[in-house]
Structures are given as C-alpha cells and as structure tokens.
Amino acid sequence: MHFGWAKDLTIICLLIYLAKLGLLRFCFEVHIGHVGHEIRTCTGEKSGFRSATHIWRKGSVQDVVFFPKCYHLYDRAVKPRVGHDEKHDIPRIPAILELCIQAGVDLEKYPTKRRTKPVYNIEGRIVDFESVKEMNEVKTGLSTRSSDNFVKSDFGIELEGTSKSSFLRKLSNTLDQQYEVDTEVRQLSIQTLDSWLEMVSGAKKIMEKYMVQTCGYCPEVQVGPKGHKVRMCRASKHQSRNGLHAWQEAMIDDLVGPNYVWHVRDLEAPPLDNKLKRYYGKVPAVVELCVQAGAPIPDQYRSMMRLDVVCPDSDEVDLVA
Ligand SMILES: [Zn+2]
Ligand SMILES: [Zn+2]
Ligand SMILES: [Zn+2]
C-alpha cells in the first residue's frame, strides 16, 4: 500500500490530512497523520475482539495538548491546602497558569497574596510578620515584582474559554486553518513549536523554585508546597486513603499533558506497522504535529524519535528478528 497523493496534493489538502489527528473512541491514544497507526496497543472497550487494534476518529486541539486544572491558592504560604469543604468555593484553573501566578504573574481575576517578609512556622503555629493587607492592595502595585523574564504572559492558557493566548491560538491555527502557501504553514508550525519549547523550559525553571504536587495514583495536580485535602481520588487504594490523593512531587509532564505519540518518519510510507514498533520513537503530540507540518526537529527530541535507529522494511522484519 502506498500513499502517493500526499506530496502531490496542494498544501491545503496535505495540511488537512496532517491535521486530522486520529483519536480512538474507546481509549486515549492519539496519532498524528493522515491515517491511524496499526500498532496494537488498544486497551479500550472490547479491544480483545479486535486484537488491540485502535479505532480512529478525527481529533481536535484538546487531543494534542491539555492543561490539567488545580485549585487557585490565594495564600500559598499560610493556607496551602484546600480543605474538602471548600472544594466548590475555590476556583480551579490550569495548573500551569497557577504556577505562573504563584511565581509572580498578576491576574486581576485570580488575586494572590505576595509577601515581602517570610512566614515562620514556630511549633506548629504560623507566624506571619506581614501585616494583613486588603485584597485590593494585593491585586495592584505588585506587577513589577516578576523579576524573572520568563514569567511573562505568553504561557499558552485558555482563560475561561474566551481569550486564547498565543500558544493555543497558534496551535489551533496549525490544526484548523487552511493555508494556501506552503511557507506559511511551515512558519506557523515553527512558531507553535517555539512557543511550546519556551513554555516547557520556562515551567521547568519555575518548578525548581515553586513546588507542584501530583497524586501517585491519578492525574490530579496541585501547585503549592502541599497537596489539597479534597477527598476525590477514585484511583486504586483510595478507600484506604479515605479518598485523599497520595501526593508526591510532580514532573513537567504532569503539568502540560504532552500526550506522547508515535513519530512518523515518512509521511508517504504505509501506516506504522505493529511488527516494527520497537523501531519507532515517541514524542509529545504537539512536537509531532509541528514537525509533520514543517518545523525542524528540535535537538532534544531526536533521540526520543529514535532517528538513530535504522528501521527495516516491513517484509524484512522477520529476517532481522
Ligand atoms: Zn507516496
Ligand atoms: Zn485504543
Ligand atoms: Zn488521586
């Protein structure tokens, strides 16, 4: 089987095909490309009846990246743990946005208390040397505080479904819009990938100073020195924890939901072959999307893509196995 049309079609059709992410109906596997892969890793409903072959449908921007939410803390030093009874009163926002807020970004909608003096914990009692300030004071006058340059406003977060910041906007454009000029698509994919890399490296740097917690059993995250106390964990052994999450230190992937996908080296080749899966690499879906749309492969992803591995043809695999 050969997909000879791919390069011969106009960029519009090519981009449409590239953008049609396959997303399985019964599990969460994502694939970037004009056809789904044939790697048998489906664990979804009734996958046993189809030898773990995935069933594909068109995906959307949420399948490429997602930003898990956490509680917004007004005062991370004195009140870092949201209690179970407060669960409906405290807003949940994308954890990466909460990370930026705690590290210095001021948003009027999500005020947070900034301190110039430290808080001490003396024999279990919190001693706050800062006089109690009004909420209004906290909101204003502190926007010059963010000394670190990477804490700007360009972290790709969709706020309340209305205003999209540049990263998500670029990503949506890469997915949805039909461009007539080859170079324009390529340019867009380069910008999108740049934004992603900047966001990830920035978030990593912030996480060296500002802790993020994640549950060891489920994807729940919380930015702050400790996890929350809301009893909502449904993952294994939650009965023994009375529904509390089992908090541990989070990694960057807990915050940016990268959705690792198989890397397709040759867009013109037949679908990825189950027999050859040990030769394939995986990368975050957004990286794969941008690379397929023309962005150069970032150095840090080359080994994950297994570009150093020579992949045999499908009919040769029995010989090398
Ligand atoms: Zn072809
Ligand atoms: Zn599946
Ligand atoms: Zn949990």
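## A buried cysteine

At 1% relative accessibility, C233 counts as buried, a word used here for residues under 20% relative accessible area, with exposed meaning over 50% and partly exposed in between (1.4 Å probe, protein chains only). C215 is buried as well, with a relative accessible area of 5%, and C218 is buried at 19%.

The model is predicted: local features need pLDDT of at least 70, side-chain atom pairs count only at pLDDT 80 or more, and totals for chains, interfaces and linings use all residues. Residues are numbered from 1 along each chain as its sequence is written, chains are lettered from A and ligands numbered from 1 in the order in which they are written, and side-chain values use heavy atoms, with hydrogens and water left out.

## The zinc site

C215 (SG), C218 (SG), C233 (SG) and H245 (ND1) coordinate the zinc ion (ligand 3) at 2.1 to 2.3 Å. Donors are N, O and S atoms within 2.8 Å of the metal (3.2 Å for Na, K and Ca); water is not among the atoms, so sites may look incomplete. Along the sequence, the donor residues of this zinc ion follow the spacing C-x2-C-x14-C-x11-H. C215 lies in strand β10 (residues 212-215) and C233 in the loop between β11 (221-223) and β12 (247-249), so this pair ties together parts that are 18 residues apart in sequence.

The site of the zinc ion (ligand 3) is tetrahedral, with angles of 95 to 118 degrees among its four donor atoms. Four donors count as tetrahedral if all angles lie between 85 and 135 degrees. The ideal angle for four tetrahedral donors is 109.5 degrees.

The count of disulfides comes to zero, where a disulfide is a pair of cysteine sulfur atoms within 2.5 Å.

## The sheet around β10

Strand β10 is part of an open sheet of three strands, in the order β11-β10-β12 with antiparallel pairing. Two strands pair if DSSP finds at least two bridges between them. β11 and β12 stand at the edges, each with a single partner strand, so one side of each is left without a neighbour in the sheet. From one strand to the next, the twist averages 30 degrees.

β10 and β11 pair in the antiparallel sense over three bridges; V212 has V223 in β11 as its bridge partner. Helix α4 (residues 95-103) lies across β10 and β11, running at about 15 degrees to β11. Axes are lines fitted to C-alpha atoms, for helices over the stretch in contact, and angles run from 0 to 180 degrees between N-to-C directions.

Eight of the eight residues of helix α9 (residues 285-292) are buried, so α9 is largely enclosed by the rest of the structure. Among them are V286, E288, C290 and Q292. After α9 comes G294, with a positive phi near 120 degrees.

S189 lies in helix α7 (residues 182-209) and is buried, with a relative accessible area of 0%. Leaving aside neighbours within four places in sequence, S189 is in contact (heavy atoms within 4.5 Å) with C290, A293, G294 and A295.

## The protein as a whole

The protein has 10 helices and 14 strands. Helices (H or I, at least four residues) and strands (E, at least two) are DSSP runs, numbered from the N terminus. Buried residues make up 47% of the 321 residues. Of the contacts with a separation of 6 or more, 66% join residues 24 or more positions apart.

Technical notes. Four donors count as tetrahedral if all angles lie between 85 and 135 degrees; four count as square planar and six as octahedral if opposite donors are over 155 degrees apart and all others between 65 and 115; anything else is irregular.
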